[in-house]
Amino acid sequence: MVVYKEEIKLNTDNKITYHNITNEIQKILDRSDIRDGIITVVSPHTTCSVFFEEYSHDFDKDGNDFLQLDLNKILEKIVPNHVSSKTYNYPGPEHYKAVRSWENVDDYLPNNDEKALWNGDAHLKATIIGSSLVIDVKNKQLNIGKTGYYYFVDFDKTRDRVRKCLITVIGE
């Protein structure tokens with residue numbers, strides 16, 4: 001059995017940001033020289049998810065995929081946007097205290113602005129969707145249909161970031 005690992009770097013904006021990572025996963029599989037097995041796809045970030053969905057072929061004027069727009073709409077009904085300190089219990093006083101003790105506190109609380117941590121909705125949405133998945137590999141191909149695609153999403157709208165997605169190919 002062989003294990004091959006890579007990571008994908010993704011730029012996200014201060015809005016819900018989706019990335020179709022299907023081609024990148026296939027390229028990593030190609031580099032792995034593994035013919036049959038599985039691939040794990042993991043987001044190590046608590047406000048990000050990975051999931052499998054159909055490619056919808058339809059987009060709004062801003063380039064947003066219709067299924068992703070629908071997912072955002074449904075998730076916002078379940079988990080409303082974090083718009084005030086009263087929207088969610090998180091972040092509480094102990095969390096702010098912990099963040100203020102970090103060396104890179106300005107990355108998380110620029111100008112000591114507590115609103116920068118109002119991303120409880122992103123954490124909850126990522127929990128609902130999930131942070132990992134497993135893909136079957138058969139004959140050096142992702143064992144999926146023609147319309148199935150893999151997506152990475154960052155639900156955190158507080159700032160632009162560079163995220164990573166961890167890919168592990170296991171097999172023979």
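Tutor: Fine. This is a predicted model. Take His45, in the loop between β3 (37-42) and β4 (48-54).

Student: Is His45 buried or exposed?

Tutor: His45 is buried, because its relative accessibility is 16% and the cut-off for buried is under 20%.

Student: What does His45 touch, leaving out residues up to four places away in sequence?

Tutor: Phe152, Arg163 and Lys164.

Student: Where is Arg163?

Tutor: In strand β8, residues 161-171. Arg163 has a relative accessible area of 6%, so it counts as buried too.

Student: What does the side chain of Arg163 pair with?

Tutor: With the side chain of Asp154, through a polar contact of 2.9 Å. Setting aside residues up to four places away in sequence, Arg163 also touches others, including Ile8, Leu10, Thr47, Cys48 and Asp156. His45 and Phe152 are in that list as well.

Student: Switching to the overall layout. How is the protein divided?

Tutor: Into domain 1, made of 2-82 + 122-171, and domain 2, which is 83-118. Their centres, taken over C-alpha atoms, are 27 Å apart.

Student: How much area do domain 1 and domain 2 bury between them?

Tutor: About 820 Å², with 54% of it on carbon and sulfur atoms. On the domain 1 side, His82, Thr158 and Arg159 supply 70% of the area buried against domain 2, more than any other three residues.

Student: New topic, the backbone. Which peptide bond is cis?

Tutor: The one from Tyr90 to Pro91, with omega near -10°. Pro91 sits in the loop between α2 (66-78) and α3 (93-100). Most peptide bonds are trans.

Student: Which residues other than glycine have a positive phi?

Tutor: Asn111 is one of them, with phi near 55°. Lys140 is another, at about 65°. Most residues other than glycine have a negative phi.

Student: Where are Asn111 and Lys140?

Tutor: Asn111 is in the loop between α4 (105-108) and α5 (120-129), and at 79% relative accessibility it counts as exposed. Lys140 is in the loop between β5 (132-138) and β6 (141-142).

Notes:
Residues are numbered from 1 along each chain as its sequence is written. This is a predicted model: local features need pLDDT of at least 70, side-chain atom pairs count only at pLDDT 80 or more; totals for chains, interfaces and linings use all residues. Side-chain values use heavy atoms; hydrogens and water are left out. Domain bounds come from an automatic or database domain assignment. Buried area is the accessible area (1.4 Å probe) that two parts lose on being put together, summed over both. Helices (H or I, at least four residues) and strands (E, at least two) are DSSP runs, numbered from the N terminus. Buried means under 20% relative accessible area, exposed over 50%, partly exposed in between (1.4 Å probe, protein chains only). Contact means heavy atoms within 4.5 Å. A polar contact is a pair of N or O atoms within 3.5 Å; within protein, one must be able to donate a hydrogen and the other to accept it, and residues adjacent in sequence count only if both atoms are side-chain atoms.
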